[in-house]
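Please read this briefing alongside the sequence and the 3D view.

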Amino acid sequence: MATFKLHGHPMSTCTRRAALIARERDIPYELVPIQFMAPELKQSAHLEFQPFGQMPYIVAQDDGFTLFESRAIGRYFATLGSGPELIPTEPKAHARFEQAASVEYSQFDPIAAVILFEKVVKPFCGATPNEELVGKLLPLLESKLDGFERILGKQKYLAGDGLTLADLFFIPHGSIIFEKLGYGNLEKRPNVQRWWKDISSRPSWQAVKDGA
Ligand SMILES: N[C@@H](CCC(=O)N[C@@H](CS)C(=O)NCC(=O)O)C(=O)O
């Protein structure tokens, strides 16, 4: 029986981020589909759960607890279920985890999200991508991946030698950038390539990569 209802679109990267972490922690969930660009997203029944008119959000089946923001959902799921510790508790390891989570969220995600919007969402909606903007962002993406290469040249994962949520947070947008769009020149970045192969082959991602 599902412990949570996960409201989102099966192919939304943010919905799949929450779903993959649920799977890492062996937490049963039921996907409640939401359509992209649906007018309902901007109406009060939805805004009550996700005030920005986006997805995903979760509703607990036992007490009705609700939460939005995929990374916050991931952090909550990391405290539930079973499996390896995804948020280290030892203070220095925890600090390194927070550093890695900030790297994913502030160095990679803002660039990846705009490229994804231009190259995937706009064509999906029948709009024309702004190739000039994408062209300006790609060198910036490359320089950020150089930073990832430096980090991953010293350790196995973003926060150290153990997998954490920071690595898992990266996967959905990483798959769009590296696999769907073929950006990132992984052949020139052996440590990013090794890390990507490792994290993207996890059963949790394999289970949701084609739909949460
Ligand atoms: N920071 C939010 C971002 C949510 C977000 O951008 N969701 C996208 C799908 S991945 C969405 O709802 N797009 C539709 C829209 O913005 O109207 C999260 O991680 O949950």
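The space taken by the ligand is the largest pocket, where a pocket, on a 1 Å grid over the protein atoms alone, is an open set of points in which a 1.4 Å probe fits, with protein on both sides within 12 Å along at least five of seven lines, and a molecule sits in a pocket if more than half of its atoms lie within 2 Å of the grid points of that pocket. The model is a predicted one, in which local features need pLDDT of at least 70 and side-chain atom pairs count only at pLDDT 80 or more, while totals for chains, interfaces and linings use all residues. Residues are numbered from 1 along each chain as its sequence is written, and side-chain values use heavy atoms, with hydrogens and water left out.

**The ligand and the residues around it**

- The elements that give two or more residues to the shell around the ligand are helix 1 and helix 3 (70-77), and helix 1 gives the most, with three residues; helices (H or I, at least four residues) and strands (E, at least two) are DSSP runs numbered from the N terminus.
- The residues around the ligand, each with a heavy atom within 4 Å of the molecule, include Ser12, Thr13, Cys14, Arg17, Lys42, Gln54, Glu69 and Arg71.
- Among the polar contacts (pairs of N or O atoms within 3.5 Å), a polar side-chain atom of Ser70 lies 2.7 Å from an oxygen atom of the ligand, and a polar side-chain atom of Gln54 lies 3.3 Å from an oxygen atom of the ligand.
- An N or O atom in the side chain of Glu69 is 2.7 Å from a nitrogen atom of the ligand.
- Of the 510 Å² of accessible area that the ligand has on its own, the protein covers 78%, with areas taken from the Shrake-Rupley method with a 1.4 Å probe.

**Backbone features beside the ligand and elsewhere**

- The peptide bond from Met55 to Pro56 is cis, with omega near 5°, and Pro56 has its place in the loop between helix 2 (44-47) and strand 3 (57-60).
- Glu69, in the loop between strand 4 (66-68) and helix 3, has a positive phi near 80° although the residue is not glycine, and Glu69 is partly exposed at 37% relative accessible area, where buried means under 20%, exposed over 50% and partly exposed in between (1.4 Å probe, protein chains only).
- Asn185, in the loop between helix 6 and helix 7, also has a positive phi, near 40°, and is partly exposed at 25%.

**Salt bridges**

- The count comes to 11 salt bridges, each being a side-chain nitrogen of Lys or Arg within 4 Å of a carboxyl oxygen of Asp or Glu.
- Asp109 and Arg17 meet in a salt bridge at 4.0 Å, N to O, and because Asp109 lies in helix 4 (residues 91-124) and Arg17 in helix 1 (residues 13-24), the pair ties together parts that are 92 residues apart in sequence.
- Asp109 counts as buried at 10% relative accessibility, and Arg17 counts as buried at 0%.
- Arg189 and Glu142 form a salt bridge at 2.8 Å, N to O, and Arg189 lies in the loop between helix 6 (165-180) and helix 7 (190-200) while Glu142 lies in helix 5 (residues 131-152), so the pair ties together parts that are 47 residues apart in sequence.
- Asp146 also forms a salt bridge with Arg189, the closest N and O atoms being 2.9 Å apart.
- Salt bridges that share partners join Arg17, Arg71, Glu104 and Asp109 into one network.

Conventions: Polar contact = N/O pair within 3.5 Å; in protein donor to acceptor, adjacent residues only side chain to side chain. 1 Å grid on protein atoms, 1.4 Å probe; cavity = no way out; pocket = protein on both sides within 12 Å on 5 of 7 lines; lining within 4 Å.
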